[in-house]
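Here are my notes on the model you sent over.

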Amino acid sequence: MAEDKTITVDTSMFNKDADAKTQKAIQIIKELGMSDDDIAQVEQFKQDLKDHDAGDLPFMGYVNEDGYGYAYVPDQAIAAPNWDAHKAFKNLPRNAQTAFAIRMLFTHRDVDRYGANMFLHYERGFTVRFEGPGSNNY
């Protein structure tokens, strides 16, 4: 039997508090076989982004090209003075990268969710389904 590579995100989670969203993401991360160490590395990378004021950069490599869809732009995540957030993300172990992207599926910002969706699809082979209020599934 083929491994199910679908992650379903209930859009009603977007209105929940940060702890509820984090717990849901961790549940999915663990169901996919990732470890507490992977989750700890997610937390460390979140802190690194905050320390370098790089949270708004496309650190997973994907950006929305205003009406043209998403593009992979690995050189667009440089924080002052010259910290490369994308390189730092790519230097994380594979499971920590995947866990971080799953965590971003539950963030409050659409840009983070869609960048994570693209990363999980193109680099990990996952299908992400958003279901619930505001989803665009047909």
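1. Start with the pair α2 (residues 36-51) and α4 (residues 94-104): these helices pack at an angle of about 70 degrees, and their axes sit 8 Å apart. Axes here are lines fitted to C-alpha atoms, for helices over the stretch in contact, with angles running from 0 to 180 degrees between N-to-C directions. α2 and α4 are therefore roughly perpendicular to each other (under 35 degrees counts as roughly parallel, over 145 as roughly antiparallel, 65 to 115 as roughly perpendicular and the rest as oblique). The crossing of α2 and α4 is right-handed; a crossing is right-handed if the near helix is turned clockwise from the far one by less than a right angle, and left-handed if anticlockwise. On the α2 side the contact is made by Asp38, Gln41, Val42, Glu43, Phe45, Lys46 and Leu49, and on the α4 side by Asn95, Ala96, Ala99, Phe100 and Arg103 (contact means heavy atoms within 4.5 Å). By class, the contact of α2 with α4 has 6 nonpolar, 2 polar and 4 charged residues. Nonpolar covers Ala, Val, Leu, Ile, Met, Phe, Trp, Tyr, Cys and Pro, charged covers Asp, Glu, Lys and Arg, and the others, Gly among them, are polar.

2. A word on what you're looking at: this is a predicted model, where local features need pLDDT of at least 70 and side-chain atom pairs count only at pLDDT 80 or more, while totals for chains, interfaces and linings use all residues. Residues are numbered from 1 along each chain as its sequence is written, and side-chain values use heavy atoms, with hydrogens and water left out.

3. Now the overall layout. The chain has 5 helices and 6 strands, and from the N terminus on its elements run β-α-α-β-β-β-β-α-α-α-β. Helices (H or I, at least four residues) and strands (E, at least two) are DSSP runs, numbered from the N terminus. The radius of gyration is 15 Å, close to the 14 Å that the globule rule gives for 138 residues, so the chain is as compact as a globular protein of that length (taken over C-alpha atoms; the rule is 2.2 Å times the number of residues to the power 0.38). Among contacts between residues at least 6 apart in sequence, 62% join residues at least 24 apart.

4. How much of α4 is buried? In this helix, 9 of the 11 residues are buried, so α4 is largely enclosed by the rest of the structure (buried means under 20% relative accessible area, exposed over 50%, partly exposed in between, with a 1.4 Å probe and protein chains only). Among the buried residues of α4 are Phe100, Ile102 and Arg103. What covers them includes β1 (6-10), α1 (18-31), α2, α3 (85-90) and α5 (110-124). For the chain as a whole, 41% of the 138 residues count as buried.

5. Look at α5 next. The axes of α4 and α5 come within 8 Å and cross at roughly 145 degrees, and this crossing is left-handed. α4 contributes Arg94, Gln97, Thr98, Ala101, Ile102 and Met104 to the contact, and α5 contributes Asp112, Arg113, Ala116, Phe119, Leu120, Glu123 and Arg124. That contact has 6 nonpolar, 2 polar and 5 charged residues.

6. With α1, the axis of α4 comes within 9 Å, crossing at roughly 140 degrees. The two helices, α1 and α4, are therefore oblique to each other, and their crossing is right-handed. Thr22, Ala25, Ile28 and Ile29 of α1 meet Ala99, Ile102 and Arg103 of α4.

7. Gln97 is buried at a relative accessible area of 5%; leaving aside neighbours within four places in sequence, Gln97 is in contact with Phe89, Lys90, Asn91, Leu92, Phe119 and Arg124. Met104 is buried too, at 10%, and touches Phe59, Met60, Asp112, Arg113 and Ala116, not counting residues up to four places away in sequence.

8. Finally, two backbone spots to check. Most residues other than glycine have a negative phi, and most peptide bonds are trans. Asp53, not a glycine, has a positive phi of about 50 degrees; Asp53 is in the loop between α2 and β2 (62-64) and counts as exposed at 70% relative accessibility. The peptide bond from Ala80 to Pro81 is cis, with omega near -5 degrees, and Pro81 sits in the loop between β4 (78-79) and β5 (83-84).
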